[in-house]
Amino acid sequence: PHTLFIADLHLSPTRPDITDCFERFMQQEVIHADALYVLGDLFEAWIGDDDNSPFHQQIKAAFSAVTERGVPVYFIHGNRDFLIGQRFARETGVTLLNELECIDLYGTPTLILHGDTLCLEDVDYQAFRRKVHQPWLQRLFLCLPLTWRRKIAAKMRAGSANANQQKSSTIMDVTPQEVQRQLDNAGVTNMIHGHTHRPHIHQWHQHGTAYQRIVLGDWYDHGSVLVCSAQGCDLQTRNFTHR
Ligand SMILES: O=C(CCCCNC(=O)Nc1ccc(S(=O)(=O)N2CCN(c3cc(Cl)cc(C(F)(F)F)c3)CC2)cc1)NO
Ligand SMILES: [Mn+2]
């Protein structure tokens with residue numbers, strides 16, 4: 001019995017190699033798991049559940065195949081796919097979670113989140129996030145014709161790509177004080193998140209207590225999967241096949 005965690009796949013029609021690896025992972029591994037948690041940035045972009053392209057249908061079918069076999073799949077929004085909604089959940093059987101959740105991981109209470117809310121030094125991003133998380137703006141955006149949303153999204157992805165290149169790598173990492181604050185606020189000692197694309201199992205002590213923070217890796221040039229069981233957690237890679 002084991003539980004699987006992935007994040008930051010940034011699935012897009014331009015990267016069929018990532019999609020192939022993801023589909024193989026779903027068909028061969030997730031069907032045998034207790035559960036799968038997707039901790040955000042599953043997609044490189046998401047402009048509404050009504051964007052029903054063949055690519056989106058392909059990914060949705062991969063989720064339906066495992067949820068219909070009784071394997072629960074949970075999703076936490078990332079900074080890219082924050083507009084994934086109830087229609088996607090209904091069509092795939094995926095359960096949407098809040099941005100911060102505490103789960104019982106084989107007896108260890110564990111805080112799970114995407115991780116972008118831990119990066120307090122990236123003030124531009126935090127301002128962007130506050131803006132696009134306003135319910136009225138989300139409702140307005142989702143009312144626009146898909147063609148308009150596609151144009152706006154293309155501009156914004158170009159914008160965030162070049163903004164990211166200019167940021168120093170440290171501001172793109174988590175703020176340690178915020179990590180500790182979130183753990184102590186929840187009263188737990190274990191955390192799993194993605195977003196920073198810096199896979200690692202961090203372990204430290206604070207006032208005589210042992211803490212652990214597991215960061216999931218992105219799927220840019222190979223898959224990254226966290227396999228957790230009663231025996232503990234193991235951060236693993238999955239190779240892409242040559243196409
Ligand atoms: O990625 C990283 C590094 C950190 C990068 C941070 N930057 C980042 O995430 N940027 C970004 C995220 C999503 C997209 S998008 O294409 O999916 N899409 C664009 C249009 N969206 C929208 C929604 C609303 Cl409510 C309102 C509007 C409005 F009002 F502007 F029109 C637009 C919906 C989402 C484009 C860029 N780490 O993993
Ligand atoms: Mn992210």
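**Starting from helix H6**

Mentor: Let's begin with Ile152, which lies in helix H6, residues 146-166 (helices are DSSP runs of H or I with at least four residues, strands are E runs of at least two, and both are numbered from the N terminus). Bear in mind that this is a predicted model, where local features need pLDDT of at least 70, side-chain atom pairs count only at pLDDT 80 or more, and totals for chains, interfaces and linings use all residues. Residues are numbered from 1 along each chain as its sequence is written, chains are lettered from A and ligands numbered from 1 in the order written, and side-chain values use heavy atoms, with hydrogens and water left out.

Ile152 counts as partly exposed because its relative accessibility is 32% (under 20% is buried, over 50% exposed, in between partly exposed, with a 1.4 Å probe and protein chains only). In helix H6 you'll also find Arg149, and at 2% relative accessibility Arg149 counts as buried. Arg149 makes a salt bridge with Asp50, their closest N and O atoms being 2.7 Å apart (the cut-off is a Lys or Arg side-chain nitrogen within 4 Å of an Asp or Glu carboxyl oxygen). Asp50 sits in the loop between E2 and H2, 99 residues from Arg149, so this pair links distant parts of the chain. Asp50 itself is partly exposed, with a relative accessible area of 32%.

Take Glu91 and Lys60, whose side chains meet at 2.7 Å, N to O. Glu91 is in helix H3 (residues 86-92) and Lys60 in helix H2, so the pair ties together parts 31 residues apart in sequence. Glu91 is partly exposed at 33% relative accessible area, while Lys60 is buried at 7%.

Now look at Arg129 and Asp116, where the closest N and O atoms are 2.9 Å apart. Arg129 belongs to helix H4 (residues 123-132), and Asp116 to the loop between strand E6 (108-113) and H4, 13 residues away. Arg129 counts as buried at 13% relative accessibility, and Asp116 is buried too, at 3%.

Finally, a covalent link: a disulfide joins Cys228 to Cys233, S to S 2.3 Å (the cut-off is two cysteine sulfur atoms within 2.5 Å). The link is right-handed, with 110° about the S-S bond. Cys228 is buried at 0% relative accessibility, whereas Cys233 is partly exposed at 25%.
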